[in-house]
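Here is a short report on a predicted model. The sequence and structure come first, then the notes.

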Amino acid sequence: MSAGARPALARFARSAPRVAVLAVAALALAACGGGAEKTESPSATTSASADGGAKPAAFPVTVEHKYGSTTIDKEPKTIVTLGLSDQDAVLALGFKPAGAVDWFKEKPYGKWPWAKDKWGSTQPQIVGERDEYNIEKIAALKPDLVIAQYSGMKKEQYDTLSKFTKVVAQPKEHPDYGAPWQLMTQRIGKALGKDAEAAKLITDIDARFEAVRAKHPEFARKTLAVADSFEAGKYSAFTKTDPKAIFFSELGFKLKPEIDTLAKPGWNVAELSAEKLNVLDVDRLVWVTSSTEANDRIKAEPLYKKLKVNQEKRDLFVPYQDPDIGAAFSFNTVLSIPYAIDEIEPLLAAVK
């Protein structure tokens, strides 16, 4: 999720189904390059596996996805990630994507503390923002494989990309942006010929969550909600399919089912007016916000002041960035989760 002075971007992942599809006709492709951000082309090492790649015996592999299945015959050398956080799993498995999308209006390299060392000095080409892809830039990279797991890729985009590369679209078993991180990691691992390595990453992260639950059995007795607010009088609570809610559920907290019932079909967020803030009167309320101004505005809301969670100081205000706590559990990947746990666990434990 976005942060800082860019609240509109933060709303994107919540409302991804509403994002207009980039035109994919041939004439539109020619127009794509004009306003696109210019970045350095990645070096030859950008697309190579950092650890020598997968063993040849791993291929061919067939990966199921929303638009069918894709067979990958040999180890990919040039990879482009189009899911908002897909680059993390790819990096964790020893590859550096040649291209990636920009989510937070921060280039997806060198910024996030959990991924900085993995990128090193490599700079991927920026090939779009969220679900609006610059097909021309992607084609220029000549990728062997395009991965779009945490995405809202449309069928038209999939068909256009499939004309010149292998594409592994988002999982079909879940709504767009609703697949658990374990499944997305597994699919990425399979596509890269790294099944065993992906399984190990998943097991290690599951162990981190288990350790927190064992250390804090009281979490299991508490209900928790995650919310944000980017405009006066407008509030959002995240459903059980959103990565942020999933993260806290795996820490042991119980989520509030009423939030799911208030969300529109296909959305991972329930939009709330001030009059509906009572749904956030839980044992632990985590506000993930973009500024101290937003925090002050929420705290000043008269109807919010009436909630016990506020009166008893059981609410937490966590920034998206600086420190990057909110971004870490918004990504909710095998790279960002350990950082998120380290940062948020003491904050949660301090609330009585």
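## Helix α8

On one side of α8, residues A196, A214 and K215 are exposed. On the other, A198, I202, I205, F209 and V212 are buried. Viewed down the helix axis, the buried residues of α8 fall within an arc of 80°, so they line one face.

Helix α8 covers residues 195-215, 21 residues in total. From first C-alpha to last, α8 reaches 30 Å, close to the 30 Å expected at 1.5 Å a residue. The cover over its buried residues includes α7 (181-191), α9 (243-250) and α15 (336-350).

## Nonpolar cores

The largest nonpolar core has 82 residues. Those with the most contacts inside this core are L82, M153, F247, F248, L251, F329 and L348. Helix α15 supplies the largest share, six residues. Another core, of 19 residues, lies apart from it; among its members are Y235, L272, W287 and Y304.

L82 has contacts beyond four places in sequence. Its partners include V101, V127, R130, Y133, I138 and M153.

## The loop at D324

D324 sits in the loop between β14 (315-319) and α14 (325-331). Is D324 buried or exposed? D324 is buried, because its relative accessible area is 7%, under the 20% cut-off.

A polar atom of the D324 side chain lies 3.1 Å from the backbone nitrogen of D322. Leaving out residues up to four places away in sequence, D324 touches K111, W112, P113, W114 and Y339.

Definitions and conventions. Residues are numbered from 1 along each chain as its sequence is written. This is a predicted model: local features need pLDDT of at least 70, side-chain atom pairs count only at pLDDT 80 or more; totals for chains, interfaces and linings use all residues. Side-chain values use heavy atoms; hydrogens and water are left out. Helices (H or I, at least four residues) and strands (E, at least two) are DSSP runs, numbered from the N terminus. Buried means under 20% relative accessible area, exposed over 50%, partly exposed in between (1.4 Å probe, protein chains only). A polar contact is a pair of N or O atoms within 3.5 Å; within protein, one must be able to donate a hydrogen and the other to accept it, and residues adjacent in sequence count only if both atoms are side-chain atoms. Contact means heavy atoms within 4.5 Å. The expected span of a helix is 1.5 Å times one less than its number of residues. The arc is that of the directions from the helix axis to the C-beta atoms. A nonpolar core is a set of buried Ala, Val, Leu, Ile, Met, Phe, Trp, Tyr and Cys residues joined through side-chain atoms within 4.5 Å.
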